[in-house]
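Please look over the sequence and the structure before reading on.

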Amino acid sequence: MCAFGRAERRWSSRCSLVLSRQPAVIAATVPIDEVSVETKQRAENDFSKREADLQALSQWMYDNPEIAYVEHNTSRRMVDVLREGGFDVEYPAYGLETAFVARIGSSGPEVVICAEMDALPEVGHACGHNIIASASLGAGLALAGMADELGIRVTVLGTPAEEHFGGKVDLITAGAFEGAAAAMMIHPATKDLVDPQFLAVSHIEVEFHGKESHASSEPALGINALDAAVQAYVNVSMLRQQLLDSDRVHGIITHGGAAPNIIPAHTAMSWYVRAATDERLDELIPKVETCFKAAALATGCDVGIHEEGSRYKDLRTDRVMSELYARNSERVGRPMSRLADLPQSTSGSTDMGNVSHEVPSIHPMIDLRCYPTVNHQPGFAANTVTDDGKQIIRDGALAMAWTIIDLAEGDWWSELGRQPTVNS
Ligand SMILES: [Zn+2]
Ligand SMILES: [Zn+2]
């Protein structure tokens, strides 16, 4: 079905873009609806010409999941699709074996479309990054034939290792987003939400060191590192009563000892500490670390605490881009909710949060229509290759491409990053 056809009827009303949820209200004078109709139709046509390749890519990724930083075959296939579409591709890029940068357009503001690609251990593409990859490539291909005409540069950035390590943080450090005017991606989920909350997160590894002894004949000579781990878990559980509703602290014991008859001399734990903002995370981490230190003190163990990988920052949704996206998503037949309209919203974290602190960004969530099957469950992976999964690729690609057309034809660049972000 032609998504544009459904939309066209509603496009006849000439209305300007009004953002009214925050005190700082802006009203555009550019009648973006009418100037971009023909351009958007062309973008849809160009997308449709490559849609079969994009759906095949998503299916292939589903069948051949590759986890963080070993997405070698995945990234190669993505690059092939972009090269066929006329993109100038650098691969590998920015010092990362599975990252790539695909550029088209000779001058003007640069829009970066992030293409995630990594799967999860054991549950495959249970976060739907196969859909993200195909939708982001699709948005780029939809715009490839008109970038110069729009006066923009379109970059499709292959961003590995979102589920672990924080590939986008490494890309930021390497300069991949320097000078960009805007960045975007979509993410499959269980709701259509244009301005989701994503929490800042720190991954913390904890080790307790005690002393072995015979657990029955000479327990008094031992120093029990498992007791320290259990006490740490209990300390954090007690801390929770004094935490904010948006704080999240959750951990597991990754090594609990060698045998029941040996007092454990070494135990290890992995913790995620999350908060609504980067600043709150800075407050929260010392409280959690105190729980670990207190457990060590109580049991006589030594404790080692270190943050693993990069911290993910909270997501800051750009207001202008999110409103443009919501309008375009509605026009492909997928109306978007706003966070403020939901009774309650739970969330995880994403390295796109870090990007959003560098470049005006959006990261809308798109409903895979399989609730209560949710992200990171095997059933979610299976749903990425259903008709609903295929529809998300089309809807997300077109809504992103049309949003970029609006940015260009409405000349919104100077407004980006100036309005209060949705979640700040
Ligand atoms: Zn995930
Ligand atoms: Zn994900």
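## Ala265

A residue is buried if 20 or more other C-beta atoms lie within 10 Å of its own, exposed if 12 or fewer, and partly exposed in between. In this predicted model, Ala265 has 19 other C-beta atoms within 10 Å, so Ala265 is partly exposed.

Ala265 sits in the loop that links strand S10 (248–255) to strand S11 (266–275). Along the chain, Ala265 and His72 are 193 residues apart, and their C-alpha atoms are separated by 40 Å.

## Domains

The domain assignment divides the protein into domain 1 (31–198 + 314–415) and domain 2 (200–307). Between the C-alpha centres of domain 1 and domain 2 the distance is 38 Å.

## Helix H3

Helix H3 covers residues 37–63, which is 27 residues. From the first C-alpha to the last, H3 reaches 37 Å, close to the expected 39 Å. A bend of about 50° occurs in H3 at Arg50.

Arg50 is also one of the buried residues of H3. An α-helix has 3.6 residues a turn, so residues three or four places apart point the same way.

## Helices H5 and H13

Helix H5 (residues 129–144) and helix H13 (residues 387–409) have axes that come within 8 Å and cross at roughly 40°. Because of that angle, H5 is oblique to H13. The crossing of H5 and H13 is right-handed.

Conventions:
Residues numbered from 1 in each chain as written. Chains lettered and ligands numbered in written order. Predicted model: local features only at pLDDT ≥ 70, side-chain atom pairs only at ≥ 80, totals over all residues. Helix = DSSP H or I, 4+ residues; strand = E, 2+ residues; numbered from the N terminus. Expected span 1.5 Å × (residues − 1). Bend = angle between axes of the 7 residues up to and from the residue. Domains from an automatic or database assignment. Axes fitted to C-alpha atoms, helices over the stretch in contact; angles between N-to-C directions. Parallel < 35°, antiparallel > 145°, perpendicular 65-115°, else oblique. Left-handed = near helix turned anticlockwise from the far one by under 90°.
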